[in-house]
Amino acid sequence: MDSTAWLLVGAVAALLTMGVAGALLIRLVRARRLLIDAGVPLRNKALVWAAAIYTVCPVDLIPDPVYLDDIGFLLLALRSLSAHGRGQLGRRPPA
């Protein structure tokens, strides 16, 4: 492959990564209500905060230019928080 093809592949990968990161940022903003909810375990809250800090931290477990491990860790933390929030929806009175 020539350099133009590699640049195109890199640009597409960067755009996809930015799209996923943007979607995760939106999910993180929407999850802020669960982060202050008293019924959510501290473990789930701490996992989300640790993932957010790890995402912006310059030290990386897997050095890569597209932040795959950062996004993956944040996605798992948000899923954990969301799963607990969905489980609690049926138990709370509507606000």
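**View 1. A nonpolar surface patch of about 380 Å² is made by M1, W6 and V9.** W6 lies in helix α1, which covers residues 3–30, and W6 is exposed at a relative accessible area of 53%, where exposed means over 50%, buried under 20% and partly exposed in between (1.4 Å probe, protein chains only). This is a predicted model, in which local features need pLDDT of at least 70 and side-chain atom pairs count only at pLDDT 80 or more, while totals for chains, interfaces and linings use all residues. Residues are numbered from 1 along each chain as its sequence is written, and side-chain values use heavy atoms, with hydrogens and water left out.

**View 2. The largest nonpolar core has 12 residues, among them L24, V40, V48 and I71.** Helices α2 (32–36), α3 (42–56) and α4 (68–89) each supply at least two residues of this core, and the largest share, 5 residues, comes from α4. A core here is a set of buried Ala, Val, Leu, Ile, Met, Phe, Trp, Tyr and Cys residues joined through side-chain atoms within 4.5 Å.

**View 3. F73 has its place in helix α4.** F73 is partly exposed, with a relative accessible area of 30%, and, leaving aside residues up to four places away in sequence, F73 touches L47, A50, A51 and Y54, contact meaning heavy atoms within 4.5 Å. F73 and V48 stand 25 residues apart in sequence and 8.9 Å apart in space, C-alpha to C-alpha.

How values were computed: Helix = DSSP H or I, 4+ residues; strand = E, 2+ residues; numbered from the N terminus. Patch = residues over 30% accessible without salt bridge, like charges linked within 9 Å, V, L, I, M, F, W, Y side chains within 5 Å. Areas by Shrake-Rupley, 256 points an atom, 1.4 Å probe, with all protein chains shown as cover. Salt bridge = Lys/Arg side-chain N within 4 Å of Asp/Glu carboxyl O.
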